Every structure is written in C-alpha cells, then in structure tokens.
Amino acid sequence: MRFDDAAGTVLANRCFLYRYLWRAFAAEPDDALLGIVADAHTREECALLDGEGGEGARLQDAIAEAVASGSDGLRSAYTKLFIGPAKLPAPPWESVYATGEPLLFQESTLAVRDAYRRAGYAAAGYPHEADDHLAVELDFMATLAADASAAFGAGDEERCANLLAVQRDFLREHLLTWVAAFAERLAGSAGDGAFYPRFAELAALVCARDADVLEELAASA
C-alpha cells in the first residue's frame, strides 16, 4: 500500500461509515445519532463513496429527510423491525439468509464467531446475542477499520495491510452474502417509513464499494 494522503482519507472514511452504520442498527436512535444524521459532514462522508450525485449522497439525503419529517416514531419502528414481538420483516442475522430459515446460532454463526476469534475480536453481546447480527458484523468492520487506520498513521504498513486483508475476506465470506438481501426485504416492509430501509441500502452500498476499495488498496501494495 502506498502511504499517502489519499489512502489516509480513504481509511478514515471507512472508519466513519462503518461506525455510523453500526450505530444505526445497534439500538434505538437517540439524539446523538439523529445529530450525526443531520450533520453536513455525514453527507460529505457518504458522497465519498461515489460522488456528489451518487447513490451514497442520495441515500444519506433520504435518511436525513426521514428524520426532518418527524423522528417520534423511529424508536418504535426499531422495535417493530428488529426486536419484535411480531415476526420481523427482515431479520438482521446472517444465518437466516444463509439457511433460508428463521433460525439463529447456526453453522454460519459459528463461522462468523471463528472469524472474530482469529482477528482477536469478541462480540460485546456474546453469548446472549447471535454473533452474526448485522450490528455486530458492522462493529467488527468498524473496529478493524479503526485499527488499520491507526496502523497507517503509525507507519506500520504490514499491520495495516494484514488488517485490510482480514476485512476483505470477511466482506466476501459474510456481509456481502446477505446484506443486499436484507436491504431488499426491509425495503418491502410497509408503513415503517424510509429511515431504516434507506440505512439498510446504505449498508449494502458501503459494503459493495468497500470491497472494491480493499481490492484497490491490496493491488497498490
């Protein structure tokens, strides 16, 4: 990897986007999250995905507009969409999409747990929350993205490259196998507003774009 300002910007952008997405799916929205949604800096970070007129900026605009039109129902929407008690329209666990059945703690969950273990990461909700929850997988990517950025800042090229390789493999083997299907199913949920469906689309876009970024960074090593 060439250590230059452009690479540093890319690495910092990755940290921000994965942490932003993690927070969206980790818990009900609070004032801190809604403030980040409304911040112009957030739109700038999303626009780095594919330009001012691209899908990243469009999705962030839609998320911000959903908040501006009224945030009172967002907490109840989170509960309905991701906790229950009713059947969830788009379950946020990889195993559901890997098996085609509404089952948790399956073989795919153990594969995710093993990927975490090999990277020295432990899910905060273990063992009560399945390791393959979307928020946990995004937190894994955010944590390793921050570590890679820190290694870059310290001039540790080997550690940075190794961390990026772990993330590239995790995207290929896990997030990219199901996040687009999750977003598609959430988009089909009626009556719950645009906030979470657009966040899910943004998550799918970030993962797809990041896979390309990681390939480019590896090629320039």
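His133 is found in the loop between helix H7 (107-118) and helix H8 (134-153); helices here are DSSP runs of H or I with at least four residues, numbered from the N terminus. This is a predicted model, in which local features need pLDDT of at least 70 and side-chain atom pairs count only at pLDDT 80 or more, while totals for chains, interfaces and linings use all residues. Residues are numbered from 1 along each chain as its sequence is written, and side-chain values use heavy atoms, with hydrogens and water left out.

Is His133 buried or exposed? His133 is buried, with a relative accessible area of 7%; buried means under 20%, exposed over 50% and partly exposed in between, using a 1.4 Å probe and protein chains only. The side chain of His133 reaches the backbone nitrogen of Ala135 at 3.0 Å. Leaving aside neighbours within four places in sequence, His133 is in contact (heavy atoms within 4.5 Å) with Phe25, Pro92 and Trp93.

Let us follow Phe25 next. Phe25 counts as buried at 1% relative accessibility, and Phe182 is buried at 0%. A search of the whole structure finds 19 aromatic pairs. Rings of Phe, Tyr and Trp (its six-membered ring) pair if their centres lie within 6.5 Å; planes under 30 degrees apart count as stacked, over 60 as edge-to-face and the rest as tilted.

| Pair | Centre to centre | Angle between planes | Type |
|---|---|---|---|
| Phe25 and Phe182 | 5.9 Å | 75° | edge-to-face |
| Phe25 and Tyr196 | 6.4 Å | 50° | tilted |

Phe25 lies in helix H1 (residues 5-26) and Phe182 in helix H9 (residues 157-187), so their pair ties together parts that are 157 residues apart in sequence. The pair of Phe25 with Tyr196, in helix H10 (residues 195-219), links parts of the chain 171 residues apart. Ring pairs also build a cluster, whose members include Phe16, Tyr20, Phe25, Trp178, Phe182 and Tyr196.

Now for the nonpolar core, a set of buried Ala, Val, Leu, Ile, Met, Phe, Trp, Tyr and Cys residues joined through side-chain atoms within 4.5 Å. Which of the 68 residues in the largest nonpolar core touch the most other members? They are Phe25, Phe182, Phe195, Tyr196, Phe199 and Leu202. The largest share of this core, 13 residues, comes from H10. Not counting residues up to four places away in sequence, Phe195 touches Leu34, Val37, Ile63, Ala66, Val67 and Leu74.

Methods:
Helix = DSSP H or I, 4+ residues; strand = E, 2+ residues; numbered from the N terminus. Polar contact = N/O pair within 3.5 Å; in protein donor to acceptor, adjacent residues only side chain to side chain.
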